[in-house]
Amino acid sequence: MEEKTIFELLDIGDIENSKLKLWAGKIKVDVKKLASSKSSFDVEGSSATAGVRGTIFNLANTPNETSGECIEGVILVTVLATGQQLRVKEGEKFRITKDGKIMEGPPPIEKEEENKQGSNLNLND
């Protein structure tokens with residue numbers, strides 16, 4: 001975690017689902033394998049939410065942009081302004097503006113693929 005990083009733990013209602021809000025700064029997150037396939041751990045920035053399972057990644061946030069890099073595993077990134085999703089794999093980066101522009105990263109997941117797999121896309125692909 002960098003100096004002047006501000007975050008808030010939003011939801012830890014049960015052991016299976018947790019949510020962290022990164023208000024400003026940069027953090028490195030190391031999420032161990034989750035309890036079940038229904039478990040979730042989400043980190044929300046100003047422009048995007050990163051959903052992870054057994055993943056190590058960096059996430060940075062400013063009022064105008066959310067960016068990150070997947071170090072190990074896969075991140076499912078949801079663009080808050082548009083609802084588009086990106087599957088960011090190990091070694092890939094992403095950068096999304098507050099108005100939903102994808103400035104860097106893999107292409108959005110096509111709706112056909114999302115519909116085939118349901119709303120919980122496989123993070124292990």
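Ile-27 stands opposite Leu-59, a residue of strand E5. The model is a predicted one, in which local features need pLDDT of at least 70 and side-chain atom pairs count only at pLDDT 80 or more, while totals for chains, interfaces and linings use all residues. Residues are numbered from 1 along each chain as its sequence is written, and side-chain values use heavy atoms, with hydrogens and water left out.

E2 and E5 run antiparallel and are joined by 7 bridges, where two strands pair if DSSP finds at least two bridges between them. E5 also pairs with E6, again in the antiparallel sense and over 7 bridges. A hairpin of 2 residues leads from E5 to E6, and Ala-60 has Ser-67 in E6 as its bridge partner. Ala-24, found in strand E2, is partly exposed at 24% relative accessibility. The C-alpha atoms of Ala-24 and Thr-62 are 5.4 Å apart in space, although 38 residues separate the two in sequence.

The Thr-66 side chain reaches the backbone nitrogen of Ser-46 at 3.2 Å. Such a polar contact is a pair of N or O atoms within 3.5 Å; within protein, one must be able to donate a hydrogen and the other to accept it, and residues adjacent in sequence count only if both atoms are side-chain atoms. Leaving aside neighbours within four places in sequence, Thr-66 is in contact with residues including Gly-45, Ser-46, Leu-59, Ala-60, Phe-94 and Ile-96, contact meaning heavy atoms within 4.5 Å.

Charged side chains come next. Side chains of opposite charge can pair when their charged atoms come close. The whole structure holds 4 salt bridges, each defined as a side-chain nitrogen of Lys or Arg within 4 Å of a carboxyl oxygen of Asp or Glu. One of them joins Lys-21 and Glu-44, at 3.3 Å from N to O. Lys-21 belongs to strand E2 (residues 17-31) and Glu-44 to strand E3 (residues 40-44), so this pair ties together parts 23 residues apart in sequence. Both Lys-21 and Glu-44 are buried. A network of salt bridges links Lys-19, Lys-21 and Glu-44.

Another salt bridge brings together the side chains of Arg-95 and Glu-65, at 3.1 Å from N to O. Because Arg-95 lies in strand E9 (residues 93-97) and Glu-65 in strand E6 (residues 65-72), the pair ties together parts that are 30 residues apart in sequence. Arg-95 is partly exposed, at 29% relative accessible area, and Glu-65 is also partly exposed, at 23%. Asp-99 forms a salt bridge with Lys-101, with 3.9 Å between the closest N and O atoms; Asp-99 is exposed, at 51% relative accessibility.

Lys-21 also lies over the face of Trp-23, at 4.8 Å from the ring centre. A charge sits over a ring if NZ of Lys or CZ of Arg is within 6 Å of the ring centre and within 35 degrees of the ring normal.

Terms used. Helix = DSSP H or I, 4+ residues; strand = E, 2+ residues; numbered from the N terminus. Buried < 20%, exposed > 50% of the residue type's maximum accessible area, 1.4 Å probe, protein only.
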